[in-house]
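The following questions and answers concern a predicted model. Each answer ends on the value or name asked for.

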Amino acid sequence: MDYLGYKNKRVLVSGCFSGMGEATARQLVALGAEVHGFDYKETALDLASFTQVDLRDPAAIDAAVAGIGGKVDALFNCAGLPQTSAPMDVMKVNYAAMRRVTEQVLPLMSTGGAIACISSTAGMGWSRKIPLLMELVGKDSFESAMQWCEANAETVNEGYTLSKEAIIVWTMLTAAHLIKRGIRLNCTLPGPTQTPMMNHFESKTQAAVLNAFIQPIDRRSTPEEQAAALIFLNSDKSSYINGVALPVDGGFLGGVATGQVDLSALMPAS
Ligand SMILES: NC(=O)c1ccc[n+]([C@@H]2O[C@H](COP(=O)([O-])OP(=O)(O)OC[C@H]3O[C@@H](n4cnc5c(N)ncnc54)[C@H](O)[C@@H]3O)[C@@H](O)[C@H]2O)c1
């Protein structure tokens with residue numbers, strides 16, 4: 001039974017070393033896909049190919065994608081850095097590199113191709129910042145996006161929130177163009193997920209704030225639960241799902257919209 005249609009599909013997973021990317025690559029192998037992986041840390045998975053690439057370097061990205069060559073059916077942009085890293089590194093990996101990988105892979109995709117990216121519930125404030133975010137996503141290269149970030153360092157702040165908001169706006173905007181070529185683009189908004197990145201969040205964020213984000217389900221996600229959403233979005237079964245920022249958050253954003261979750265821990269103390 002190949003319900004999701006991944007058998008013999010040629011797919012690329014960036015960030016395949018750990019967490020959601022590792023779970024995604026592992027499950028895609030189990031589904032019979034030909035899985036190619038990118039990361040700066042070597043994977044233990046048995047993939048069709050693995051390329052060690054530092055996504056902070058656009059030339060390295062170009063070389064890595066050229067090394068894959070051939071046809072790519074689906075791209076999973078799973079690499080990311082937390083707010084414990086330098087803000088410009090966070091913007092590079094989470095946003096500029098995600099775009100660069102996508103733009104390099106697009107010529108290898110044809111009708112039916114699909115791309116899934118990972119934003120975060122941390123990006124939930126995107127709609128209040130559209131003019132600013134349109135300025136950033138309007139920069140059409142890795143280099144010009146990073147020049148904008150350097151010139152707006154105060155706005156970039158710790159980098160994580162802005163990078164996640166930018167993924168959402170870029171996904172919605174770009175999906176409207178790519179669908180004309182028969183290629184779909186979506187992103188997920190995971191809630192707190194038990195991956196190696198969680199240690200970094202815990203070191204920077206109060207437990208009460210992190211716990212506010214697991215309402216109303218009252219537990220963290222597993223990386224496999226996040227991988228399942230990405231794999232569904234990039235499958236042929238999602239053929240009418242495009243330009244979506246899909247919360248995979250146990251009901252958090254729905255609860256926020258309807259006043260069912262208590263956000264007091266997220267408010268600055270007065
Ligand atoms: N864990 C959470 O609670 C959570 C919640 C919402 C969103 N996210 C997002 O999910 C995505 C996956 O994160 P995760 O939780 O699986 O964490 P993770 O740290 O396990 O995975 C991140 C992956 O990115 C790779 N990576 C980082 N910098 C790189 C670089 N310069 N070059 C190449 N590879 C690089 C890492 O080696 C790792 O394999 C990230 O975008 C993260 O922001 C995580």
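Q: Leaving aside neighbours within four places in sequence, with which residues is Val13 in contact?
A: Neighbours within four places in sequence are left aside for Val13. The residues then in contact with Val13 are Gly21, Thr24, Ala25, Leu28, Val35, Gly37, Phe76 and Cys78.

Q: Which residues have the most contacts inside the largest nonpolar core, and which element gives the most to this core?
A: The largest nonpolar core has 70 residues. Those with the most contacts inside it are Val13, Phe76 and Ala166. With nine residues, the element that gives the most to this core is α3.

Q: Which elements give two or more residues to the shell around the ligand, and which of them has the largest share?
A: The ligand is surrounded by 29 residues, the closest being Phe17, Gly19, Gly80, Thr195 and Met197. Two or more residues of this shell come from each of α1 (19-30), α3 (87-105) and α8 (197-204). The largest share is three residues, and it comes from α1.

Q: How many residues of the shell around the ligand are nonpolar?
A: Sorted by class, the shell has four charged and nine polar residues. The number of nonpolar residues in it is 16.

Q: Are helices α4 and α7 roughly parallel or roughly perpendicular to each other?
A: Helix α4 covers residues 130-137 and helix α7 residues 160-178, and their axes are 9 Å apart. The angle at which they pack is about 75°. Angles of 65 to 115 degrees count as roughly perpendicular. The two helices α4 and α7 are therefore roughly perpendicular.

Q: How many charged residues are in the contact of α4 with α7?
A: From α4, the contact involves Ile130, Leu133, Met134, Leu136 and Val137. From α7, it involves Glu165, Ala166, Val169, Trp170 and Leu173. By class, this contact has nine nonpolar residues and no polar ones, and the number of charged residues is one.

Q: Is Thr188 buried or exposed?
A: Thr188 lies in strand β6, residues 184-190. Its contacts, leaving aside neighbours within four places in sequence, are Ala116, Ile118, Ser119, Gln226, Ala229, Leu230, Leu246 and Val248. A residue counts as buried with 20 or more other C-beta atoms within 10 Å. Thr188 has 26 of them, so it is buried.

Q: How far apart are the C-alpha atoms of Leu106 and Ser119?
A: Leu106 is in the loop between α3 and β5 (114-118). Leu106 is partly exposed, with 18 other C-beta atoms within 10 Å. Leu106 and Ser119 are 13 residues apart along the chain, and their C-alpha atoms are separated by 20 Å.

Note on methods. Residues are numbered from 1 along each chain as its sequence is written. This is a predicted model: local features need pLDDT of at least 70, side-chain atom pairs count only at pLDDT 80 or more; totals for chains, interfaces and linings use all residues. A residue is near a molecule or strand if its C-beta atom, placed from the backbone, lies within 6 Å of it. Helices (H or I, at least four residues) and strands (E, at least two) are DSSP runs, numbered from the N terminus. Ala, Val, Leu, Ile, Met, Phe, Trp, Tyr, Cys and Pro count as nonpolar, Asp, Glu, Lys and Arg as charged, and the others, Gly among them, as polar. A nonpolar core is a set of buried Ala, Val, Leu, Ile, Met, Phe, Trp, Tyr and Cys residues joined through C-beta atoms within 7 Å. A residue is buried if 20 or more other C-beta atoms lie within 10 Å of its own, exposed if 12 or fewer, and partly exposed in between; C-beta atoms are placed from the backbone. Two residues are in contact if their C-beta atoms, placed from the backbone, lie within 7 Å. Axes are lines fitted to C-alpha atoms, for helices over the stretch in contact, and angles run from 0 to 180 degrees between N-to-C directions. Angles under 35 degrees count as roughly parallel, over 145 as roughly antiparallel, 65 to 115 as roughly perpendicular and the rest as oblique.
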